Amino acid sequence: MAQINPSILSADFARLADEAKAVDGADWLHVDVMDNHFVPNLTLGVPVVDALAKATDTPLDCHLMIEEPDRWAPQYVEAGAGSVTFHAEAAAAPVRLAREIRAKGARASMALKPATPVEPYEDLLPELDMLLVMTVEPGFGGQAFLDIMLPKIRRTRQLIEKHGLQLWLQVDGGVSASTIERCAEAGADVFVAGSAVYGAENPAAAVEALRAQAEE
Ligand code: DX5
Ligand code: ZN
């Protein structure tokens with residue numbers, strides 16, 4: 001079953017609790033943490049995640065676009081995140097970090113920027129609950145979907161099947177009514193959507209429409 005994770009990056013930051021409620025039927029709420037070093041943008045940190053976790057029943061999927069995730073990721077679990085994604089390019093010790101996130105009780109996930117191949121991480125996949133294949137360069141919402149990432153999604157799905165893993169395959173960036181079917185067909189099963197959900201007249205209806213399209 002397809003999971004749709006609205007990204008609050010495209011929501012109204014002054015009304016985060018209401019914006020979380022506006023997508024009640026979503027599987028997870030995607031929270032983009034940016035530090036102005038790993039990516040050229042700055043968003044929010046541990047205190048906001050802590051407050052948001054208390055304000056909504058929807059589990060939080062925290063995407064850390066930050067340097068030193070080895071140091072910070074555990075704090076997001078403590079703040080109430082149900083899933084924590086660190087970037088492969090930033091992690092000093094991805095296996096140790098994934099184990100620590102799991103030991104603290106959250107799902108461990110690793111993200112790959114568009115130019116980072118999945119193959120070097122094949123042996124690490126059993127340590128993860130989710131792999132995120134970025135379909136834009138991380139840093140901003142509302143960018144155009146990178147079609148050139150479809151082969152990587154396909155190769156990742158093949159690796160998951162080859163090893164018989166349960167791991168979820170997430171895509172993030174430019175996912176919308178016009179791109180979600182291609183992502184699903186390539187093998188993604190968790191879809192982050194920012195502007196396609198919060199830019200819609202009715203965000204909850206947009207979530208359901210995307211889910212229906214992904215499951216076609
Ligand atoms: C981009 C973020 C995404 C972003 C997606 O770096 O990781 O989660 O919010 O926004 P859309 O769906 O508008 O591309
Ligand atoms: Zn994201």
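Histidine 30 is found in strand 2, where helices (H or I, at least four residues) and strands (E, at least two) are DSSP runs numbered from the N terminus. The structure is a predicted model, in which local features need pLDDT of at least 70, side-chain atom pairs count only at pLDDT 80 or more, and totals for chains, interfaces and linings use all residues. Residues are numbered from 1 along each chain as its sequence is written, while chains are lettered from A and ligands numbered from 1 in the order in which they are written. The protein chain has a mean pLDDT of 98, and 100% of its residues reach 70 or more; pLDDT is the predictor's confidence in each residue, from 0 to 100. For the complex, the predictor gives an ipTM of 0.99 and a pTM of 0.98.

Histidine 30 counts as buried because it has 28 C-beta neighbours inside 10 Å. A residue is buried if 20 or more other C-beta atoms lie within 10 Å of its own, exposed if 12 or fewer, and partly exposed in between, with C-beta atoms placed from the backbone. Residues up to four places away in sequence not being counted, histidine 30 touches Asn5, Pro6, Ser7, Ile8, Asp61, His63 and Val192; two residues are in contact if their C-beta atoms, placed from the backbone, lie within 7 Å.

The UniProt record (unreviewed entry) places the feature "binding site" at His30, Asp32, His63 and Asp172. These residues are spread over 143 residues of sequence, yet they cluster in space, with a largest C-alpha distance of 10.6 Å. UniProt positions are given in the numbering used here, feature names are shortened, and annotations may be inferred rather than shown by experiment. Aspartate 172 lies in strand 7 (residues 168–172) and is buried, because 25 C-beta neighbours lie inside 10 Å. Beyond its neighbours within four places in sequence, aspartate 172 is in contact with His63, Leu132, Met134, Thr135 and Val192.

A further "binding site" list in UniProt (unreviewed entry) includes Ser7, Gly141, Gly194 and Ser195. Serine 7 occupies the loop between strand 1 (3–6) and helix 1 (16–21). Serine 7 is buried, because 23 other C-beta atoms lie within 10 Å. With residues up to four places away in sequence left out, serine 7 touches His30, Asp32, Gly141, Val192, Ala193 and Gly194.

Around ligand 1 there are 22 residues, of which Ser7, Leu9, Gly141, Gly194 and Ser195 come nearest; a residue is near a molecule or strand if its C-beta atom, placed from the backbone, lies within 6 Å of it. Strand 2 (29–34), strand 8 (190–193) and helix 7 (195–198) are the elements that give two or more residues to this shell.

In helix 3 (residues 69–78), the residues Pro69, Ala73, Tyr76 and Val77 are buried.
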